[in-house]
Amino acid sequence: MERVQGKVAIITGGASGIGLATAQTLAKEGAKVVIADFNQKGAEAAAQEIVNQGGEAIGVFLDASKLESIKETVDKTVETYGTINILFNNVGLTNLKKDLDVVNLDLEEWDHLVNVNLRSVLAGCKYAIPHMVKAGGGAIINTASMAGFASDIIRTAYGTTKAAVVHLTKYVATQYGKQNIRCNGVAPGLILTPAAKNNLSPELLDTFMKYNALPYHGEPEDIANTVLFLASDESKFITGQTIQVEGGHYLANPTVPDFVAMSKNQ
Ligand SMILES: NC(=O)c1ccc[n+]([C@@H]2O[C@H](COP(=O)([O-])OP(=O)(O)OC[C@H]3O[C@@H](n4cnc5c(N)ncnc54)[C@H](O)[C@@H]3O)[C@@H](O)[C@H]2O)c1
């Protein structure tokens, strides 16, 4: 079944992790994908792999902190494939050395993260929407994070920008719905991308698992499949929502795992 057959999709941050899995999934389901990433070689290699498997894809350079670069990605997409039907605004990052608590965070890093995590989403929408309107509609999916719903002792800029992405998603959905453009978000919990697998200690992974409702961690494909659903007509009556894909990590009263442990000891 080809659920996004013939649709033209931009995936930002598509050279690795969640973006890469999503590019592969959308391509497998019939989309022509533009993989846009700071890592141009990675983006081109990912596109080549899709082409080798019989799909359609190109890889392009994108610096999501720069407005011109985002506009160039949109222009290149239209030049290559004629239109844009799906925009996956996925780039996002933090800096664990500089994105600290409110008193100690680096304000230049704050500005950088606002540009990369939030302004890039706005700019992607700003430049892509006129093409979607011309095409008769489209689907925009923004990557938020559970850090946009629950606060932390560090990563102040990351969580704040991701919360703003959730709200921006509603604004876009409200303003362009009548033009048949849907805008939704996906909020991942911990997802075991190759980078996460290599950088997280077994203790940290165990701690995450302890608070998950489900007995396993999230994988990039879990997000890719959610984005596929939100990009396809199967979700045609859903807009302005951010789906939390987090294994029930934030579901229950936070004391539940402790009470379970206490009841086992009685
Ligand atoms: N992995 C998780 O556990 C997790 C959890 C919650 C939210 N997220 C969000 O998911 C999204 C993808 O994360 P991931 O874990 O797949 O990351 P990743 O590091 O595996 O991939 C991010 C990609 O973005 C690219 N990139 C970084 N800065 C860029 C820039 N300025 N311009 C263009 N490209 C740039 C990188 O080159 C990389 O290919 C991010 O928005 C992240 O905040 C991830």
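# Reading the ligand site and backbone

Me: What lies 3.2 Å from a nitrogen atom of the ligand?

Reply: A backbone N or O atom of L62 does, at 3.2 Å; a polar contact is a pair of N or O atoms within 3.5 Å. From S16 a polar side-chain atom lies 2.9 Å from a ligand oxygen atom. Alone, the ligand exposes 830 Å², and the protein buries 83% of that (Shrake-Rupley areas, 1.4 Å probe). The model is predicted: local features need pLDDT of at least 70, side-chain atom pairs pLDDT 80 or more, and totals for chains, interfaces and linings use all residues. Numbering starts from 1 along each chain as its sequence is written, and side-chain values use heavy atoms, without hydrogens and water.

Me: Is H131 buried or exposed?

Reply: H131 has 19% relative accessibility, so it counts as buried (buried is under 20%, exposed over 50%, partly exposed in between; 1.4 Å probe, protein chains only). H131 lies in helix 4, residues 107-135. Beyond neighbours within four places in sequence, H131 is in contact with V74, V78, T83 and I84 (heavy atoms within 4.5 Å).

Me: What do the buried residues of helix 8 pack against?

Reply: They pack against helix 1, strand 4 (86-89), strand 5 (138-143), strand 6 (181-188) and strand 7 (242-245). Among these buried residues are I223, V227 and L230. Helix 8 (residues 220-231) has 12 residues and reaches 16 Å from first to last C-alpha, close to the 16 Å expected (1.5 Å times one less than the residue count).

Me: Where are R155 and N180 found?

Reply: Most residues other than glycine have a negative phi. R155, not a glycine, has a positive phi of about 60° and sits in the loop between strand 5 and helix 5. Phi of N180 is near 70°, in the loop between helix 5 and strand 6. R155 is partly exposed at 28% relative accessible area, and N180 is exposed at 52%.

Conventions. A polar contact is a pair of N or O atoms within 3.5 Å; within protein, one must be able to donate a hydrogen and the other to accept it, and residues adjacent in sequence count only if both atoms are side-chain atoms. Helices (H or I, at least four residues) and strands (E, at least two) are DSSP runs, numbered from the N terminus.
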